[in-house]
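Student: I have a two-chain model open on my screen, and I would like to learn how to read it. Could we go through it together?

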Amino acid sequence: MTAAPDTQGKTATPQVMDKWRRRGLQAFLAITAFVWLVPLLWAFYTSLRPFSDTAERGYVSIGGTYNFDNYTQAWTDSEMLKFFINTMWITIPAVILILFFASMAAFALSRFSFRFNLLLLMIFTAGNLLPQQVIITPLYRMFLALPLPEFLSPSGVFYDSYFGIITIHVAFQMGFATFVLSNYMKALPGDLNEAAFVDGASVWRQYWNIILPLTRPPLAALAVLMFTWIYNDFFWALVLMVTGDQRPITSALQNLNGTFFTNNNLVAAGSLLAAIPTLVVFAVLQRQFVAGLTLGSTKG
Amino acid sequence: MSTRSEVEVAVARERTKRKRFRLLTNRDLGVLVFMLGLPALIHVFFVWVPALLSILLSFSRWDGIGGVEAIEWIGLTNYEQVATIYPPFWPAVVHNLIWLGFFILIATPFGMFLAVQLDKEMKGSKFYQNALYVPVVLSLALVGFIWQLIYSPEQGLINNVLGRTDPENLIDWLGNPSINLWMILIAASWRHVGYIMILYLAGLKSVDPALKEAAAIDGATSRQTFFHVVFPVLKPINIVILVITIIESLRAFDIVYVTNKGTNGLELLSVAVTNNIIGEASRIGFGSALAVILLIVSLGIIIPYLWRTFRADEVAA
């Protein structure tokens, strides 16, 4: 599948030209890749230097001290750990619920033919493509009005509670996950159901024992993708979570910037700290992340 | 596809449908309704109900105080005011259009171009690919912070390299309303290009190599092969990429909000909506009218796209 034929012989131009063109391309890609890394490298470099050094020598300079003090300061002053924990309270339940609900819906939509199958799938997918701001105004009022028991929300309503934030993530991202999973399940052989029916397996057992285990690859891919997306959410928590201390890290950065991150060295350290979980995803779970992204565009 | 075969497909499908449902017991049917119903209910209640309420509330005046009975119905007044006396509206429309134009004409084609080059699998391809794709895992809010380190007037990379950090000659990249949108677009493209590259590369890998070989045997150059063979074959992916580009342009919010809360040259429709709920004055009807404008534009893209995708599926099934 990845066997890319060599470009040699594809063109009518002589071999020499081809070689030079390849070198040119190589150089172009190398430069582009380097340019792409500059912002992160620059942030890292800035973060390693004490503010006094950069103030004295300028930001574009070498020499002086290099250490991780900015990280320690950014971490402790802003109580960053708290915001990471907040993020986990939201992200982990949300991802699990999304996969659970979306796989159920996808199973029903892909393995059985209802009259409204297509319409429902379209509603799910379209909902996920809407800009979040389209629904925020009424949603904000709904969140203020809808009651929740005390143990789910100290505020007594959806607004300003983890439960509320989890709910909107689940409702919103479910569309994409359902779309991806139903495409995948559709491609599984139909005989699986038929055989199970003959054996007298209930619909639930077909879902849980037969289809779901076969759906592991896209579930893993979606889990990674959803984790990243929800971790990266800025908007929902900004609007629907008023207590600053309860905000997840991505939304909290807005307040930390200027209050605790008072110079670029600290901004750099704080930003990179906040980026660590997703950079770990990039490094370790890259395959799943890319698979998740592309599952939605290429039919699984 | 001819009408005749479409009919045949429909008939065949109808037959299997009947067969399947005969096999279901009442209990199984109940379980299925639950499995589909609960997710559908959550999704519709928290996404589509607010979307429809946006439309309804856009014809009203309500500051959110005094409950639902305090809502005053005022017809199209909100829309009239949005278009005539709301200062950020037209700048926001223009900025969203510039955003869209920049992405469609520059960032997205560049991402596709890089994917095509990386697909040639030269030495180091994997490394280049990774470098381009790192920003994709970062949030746009974080992208905003990281680029602050480059743009900021006194402590930023560019001004320090240019030696323009003195108050009298510094360039305020993010503060000057005639350039800041473009600077933000560059920062946003840093992420967008990688995103498009990854998607398109996956598409390119799915193209049957035999097609390219056949074109090469016929004497096509690699450029001809791409434009006449690969690009047309990738039509579904091309459409996905176009839709993603448009939607991302409409959604743009985080990066301008962390930069200056979407003011002073960075007004966007998404920010305008948000400011009418979390700003000092909560103007629900007015904010809804802005949201409806965004909704109509979005659905104008989303519905034809989904219609096309799912209909093609149906026929192919």
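Predicted model: local features only at pLDDT ≥ 70, side-chain atom pairs only at ≥ 80, totals over all residues.

Student: Let's begin with confidence. Which element of chain A has the highest mean pLDDT?

Tutor: Chain A as a whole averages a pLDDT of 87, and 93% of its residues score at least 70. Among its elements, helix H8 (residues 191-198) of chain A has the lowest mean, 74. The highest mean, 95, belongs to helix H4 (residues 80-111) of chain A.

Student: And in chain B, where is confidence lowest?

Tutor: Chain B also has its own average, a mean pLDDT of 87, with 90% of its residues at 70 or more. Its highest-scoring element is helix H4 (residues 89-118) of chain B, with a mean of 95. Confidence is lowest, at a mean of 51, in helix H1 (residues 3-22) of chain B.

Student: I clicked on A:Met241. Is A:Met241 buried or exposed?

Tutor: A:Met241 lies in the loop between helix H11 (235-240) and helix H12 (249-259) of chain A. Leaving out residues up to four places away in sequence, A:Met241 touches A:Asp160, A:Ile165, A:Gln246, A:Arg247 and A:Ser251. Burial here takes 20 or more other C-beta atoms within 10 Å. Because A:Met241 has 23 of them, this residue is buried.

Student: How far is the C-alpha atom of A:Met241 from that of A:Gly164?

Tutor: Along the chain, A:Met241 and A:Gly164 are 77 residues apart.

Student: How are H3(A) and H13(A) oriented to each other?

Tutor: Helix H3 (residues 69-77) and helix H13 (residues 264-284) of chain A pack with their axes 8 Å apart, at an angle of about 70°. Angles from 65 to 115 degrees share one label. H3(A) and H13(A) are therefore roughly perpendicular.

Student: Which residues of H13(A) make that contact?

Tutor: The residues of the contact divide into 6 nonpolar, 4 polar and no charged. H3(A) brings A:Asn70, A:Tyr71, A:Gln73, A:Ala74 and A:Trp75. From H13(A) come A:Asn265, A:Leu266, A:Ala269, A:Gly270 and A:Leu273.

Student: Over to chain B. How far apart are the C-alpha centres of its domain 1 and domain 2?

Tutor: Chain B holds 14 helices and 2 strands. The chain is divided into domain 1 (3-76) and domain 2 (88-282). The C-alpha centres of these two domains of chain B lie 34 Å apart.

Student: Why is helix H13 (residues 269-278) of chain B described as largely enclosed?

Tutor: Across the 317 residues of chain B, 43% count as buried. In H13(B), the buried residues include B:Leu269, B:Val271, B:Val273 and B:Ile277. The helix is largely enclosed by the rest of the structure because its buried residues number 9 of 10.

How values were computed
Residues numbered from 1 in each chain as written. Chains lettered and ligands numbered in written order. pLDDT = per-residue confidence, 0-100. Helix = DSSP H or I, 4+ residues; strand = E, 2+ residues; numbered from the N terminus. Buried ≥ 20, exposed ≤ 12 C-beta atoms within 10 Å, placed from the backbone. Contact = placed C-beta atoms within 7 Å. Domains from an automatic or database assignment. Axes fitted to C-alpha atoms, helices over the stretch in contact; angles between N-to-C directions. Parallel < 35°, antiparallel > 145°, perpendicular 65-115°, else oblique. Nonpolar A, V, L, I, M, F, W, Y, C, P; charged D, E, K, R; others polar.
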